[in-house]
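Hello,

Here is the structure I said I would pass on. My notes follow below it.

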Amino acid sequence: MIMAGGEGSRLRPLTCALPKPMVPVLNRPCMEHIVELLGRHNITETAVTLQYLPEEIKGYFGDGSNFGRGVKLRYFTEDTPLGTAGSVKNAAAFLDETFVVISGDALTDCSLQEAFEFHRQKKALATLVLTTVTCPLEYGVVITNGQGRIVRFLEKPGWGEVFSDTVNTGIYILEPEILEYIDANKMVDFSKDLFPRLLAAGEPLYAFVTEGYWCDIGNAEQYMQSQFDILEKKGTLLSLPGREASAGIWMGENVQVDASASLIPPVVIGDDCIIGPNASIGPLAVLGNGVQIRQGSSLKRCILWDNSMVGEGAELRGAVLGKGALLLSSARAFEGSMIGDRSVVGEGSVIKPGVKIWPEKWVEKGTRLSKSLVWGNCGRARLFGNSGITGDLFTEITPDFACCLGLALGSSLAKQGRLSLGSDGYPDTQVIKNAVLSGLMSSGLQVVDLRKVTMPVHRYGIRAFDLLGGVHIYRVGHNKINVRLMNDRGADCSRGEQRKVEGLLSREEYRYAMKEEIHPVEYLPDVNRSYINYLLKFLDRELIRRKRYRIVVDYDPSQLGALLPGLFDALGCQVITFAAPRTHSQTFSELLKAAEQFGEVVREQGANYGAVLDSGGEGVVLVDDQGRIVSEDRFYALLSLITMQSNQNSILAFPVTAPESVVEMARQQGGDVRRTKTAPWSMMQTFLEEDVCASQQRCPQFLLYSDALAVLTSLAEYLARRERTLSEVLAELPGFVTVRRDVDVDWNDKGKVLRHLAEESGEQKIETAEGIKVQHPEGWALILPDADEPVCRVYSEAFNQETAESLTDMYVQKIQDILK
């Protein structure tokens, strides 16, 4: 009889949806090792007692025929808990000869044959199999006389009560007559009730002390240690899965291990696992089937269940990852931590020792979790960051999530409208795009597929074709996907529009269309050509042609090849290209790094200026005619200058992070300045206000925002009109120095940090349009909590580097002191 009714409450969260006997040990359910043990002793007729989640066990083992020749399993399910002895009484019809009772949730290679022979020799009514342990406090202690007859029991003693180190393993050899001592349909336990009663009655109870391996998997430490013991060959008869590919490395089928990965024995790797470059596995690691270990990750003394994933640069030390659980890039989990099935631990998060995360929880990136997470999630509730929705492919951004997002967006809009869908054309983004398409169509919207387009072209298409809005999907990192939702103006959806979609998504309140309301997908031909013509309308083409500018451009031909050459041909510019395909859209800092060696090329070619463009056509880094990189702040100051001097009565939108010297420059030149939040949706909403668009015909500010081609062509016209070089124009900009530092701040601490800084500001002037901006005689400092990361960003401006650095360092220290 296999006792398999246990809940395994001390193993939660691993057993929240799994009975304890089904917990994987060396990639097989613990009970499977017991069935195998019985088979080795020619025991094939087996009853299984069930109580907690019985269908999980029945569904896996069936009638037992797949687990050895002649193996037959019969199941006896308890409607109410009957205790260990009561559950045996429940299967009395099966028990007509000497039988063995064994736990389905302990690991052993005990010689049952020797125990049987001992039982028969002693003519015992019951023989208890004992083992010796160093700490008997969690077990039933048994003491015997010189002949092996039991003379005393004590269940889970304190140290003052300990009288032996031999403890009950829960393995019993019993005669059928013992059933007469057990009341039917009542709670009866072997150790607490039945054996003490038999001992008092003088019945022959004996103890057989096994020399084999035995370990209960009752808690996380024992569960892990039992597997490490087998890996270190303490259990001689327990089989390891797969083949021994090299000494101490057991490997399943279809395993992919990068040549640079390090496998340190002993290690078990299940079927279909993928181990990436420079990953380090072991010693003492068990990987289930379908596990993915990404580049640079490190695992020691840990257990990973099937289909779990460890992201780039992540670390596990003495932890357990449940089925389908995800530990994203640079996250760390330490000794004794247990992460439940399908839970996600965000990038850079730290799971402290002993912390348990229940199934299907979400730990936001950068969280330092020091207590168990049972209810709710940990981190920000917002789905949208500053630039749409960003996440890892197939972990944070999955096809099912994308479909629901499409449904939620479609449900938030009128059925009669048309909405565009575009992407950068990569196969992975196409997967997510198709899922969004399915959700949008299901809501009854007419979808206009723009196919492969850049973000600026997509924004233009929404306005040009009078659409309700659009969804753009593109890569933003090696494994990250960004989903941008735009309104009918082509601007990112406002916070209010985002909240509406978030609400529908969280409540799953979707509008499903009738079959006859589902429309076929519409396609618009040659949107790129239409966009080029649109840009050219803002430019004096003849003026630019006469100058015959020479421009060096580094760009991604796979994304911008349909736009850039034709556009500059139409302007008569000679473009020297460094065209190399890229894998994803780049940040400004990534573009700066790419441009470090670019200045020399610009000088050698005698170019008027150079540019490095990101793949998506939004970001650009300029290099002037002297080969000097234009910093981010000076770049935006230049765009403001172009806007002001190209239009009368300019209305300019500046984010709160913009240097005051640039804002003052705009005011001195007659510009109407409007401060905005830093989020793109807030900036674009200001750009696209009717009075802004009406007053700016030659070069409106919205044209230059996040559109690299518009910037390059407008710059060419501006330089031609001014008859100046780029370096001369930059020299006219006001002098200023800005410094930025990032400080790690948990999501839950951001409000506290801002409150303390406001309280400590005293008589100093502060602004709270976004974050806290504190004015000082020598400059200003802005403390801005980031919407996407668990950080606060500190910006400072002054008229020299030393003062700006000093201001920034002061507020970084203030934040760190508050956190302490």
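Where is the place of Pro-13? Pro-13 sits in the loop between strand E1 (2–3) and strand E2 (24–25); helices (H or I, at least four residues) and strands (E, at least two) are DSSP runs, numbered from the N terminus. The bond that joins Arg-12 and Pro-13 is a cis peptide bond, with omega about 20°.

Before the rest, the conventions. This is a predicted model, in which local features need pLDDT of at least 70 and side-chain atom pairs count only at pLDDT 80 or more, while totals for chains, interfaces and linings use all residues. Residues are numbered from 1 along each chain as its sequence is written, and side-chain values use heavy atoms, with hydrogens and water left out.

Backbone exceptions

Most residues other than glycine have a negative phi, and most peptide bonds are trans. A cis bond also runs from Gly-282 to Pro-283, with omega near 0°. Pro-283 is in the loop between E20 and strand E21 (285–287). Leu-284 lies in that loop between E20 and E21 too, and has a positive phi of about 60° although it is not a glycine. Leu-284 is buried, at a relative accessible area of 5% (buried means under 20% relative accessible area, exposed over 50%, partly exposed in between; 1.4 Å probe, protein chains only). Asn-307 is not a glycine either and has a positive phi of about 60°. Its place is the loop between strand E24 (302–304) and strand E25 (309–310), where Asn-307 is partly exposed, with a relative accessible area of 44%.

The seven-strand sheet

E20 belongs to an open sheet of 7 strands, ordered E17-E20-E23-E26-E29-E32-E35, with parallel pairing. At its edges are strand E17 (262–263) and strand E35 (368–369), each of which pairs on one side only. Two strands pair if DSSP finds at least two bridges between them. E17 and strand E20 (residues 280–281) are parallel and share 2 bridges, with Ser-262 opposite Ser-280 in E20.

E37 and E38 run parallel and are joined by 6 bridges; Leu-419 stands opposite Val-447 in E38. Together with helix H8 (residues 427–442), E37 and E38 make a right-handed β-α-β unit (a crossover is right-handed if, with the strands pointing away from the viewer, the path from the first strand over the helix to the second runs clockwise). E38 also pairs in the parallel sense with strand E41 (residues 522–523), over 2 bridges. There, Asp-449 stands opposite Tyr-523 in E41. E38 is mostly covered, with 5 of its 7 residues buried.

Thr-454 lies in the loop between E38 and H9. At 4% relative accessibility, Thr-454 counts as buried. Leaving aside neighbours within four places in sequence, Thr-454 is in contact (heavy atoms within 4.5 Å) with His-472, Gln-559, Leu-560, Leu-563 and Gly-616.

Helix H9 (residues 455–464) is mostly covered as well: 8 of its 10 residues are buried. Among them are Met-455, Arg-459 and Ile-462. The buried residues of H9 pack against strands E37 (418–423), E38 (446–452), E39 (469–475) and E40 (480–486), and against helices H11 (527–536) and H19 (680–687). Just after H9, Asp-466 takes a positive phi of about 55°.

E42 and its partners

Strand E42 (residues 550–555) has 5 of its 6 residues buried, so it is largely enclosed by the rest of the structure. E42 runs parallel to strand E43 (residues 574–579), to which 6 bridges join it; the bridge partner of Asp-554 in E43 is Phe-578. E42 also pairs in the parallel sense with strand E44 (residues 609–613), over 4 bridges, and there Val-552 has Gly-610 as its bridge partner.

H24 and H25

Helix H24 (residues 750–760) and helix H25 (residues 801–819) pack at an angle of about 120°, with their axes 10 Å apart. Axes are lines fitted to C-alpha atoms, for helices over the stretch in contact, and angles run from 0 to 180 degrees between N-to-C directions. The contact is made by Lys-752, Val-753, His-756, Leu-757 and Glu-760 of H24 and by Tyr-811, Lys-814, Ile-815, Ile-818 and Leu-819 of H25.

Regards
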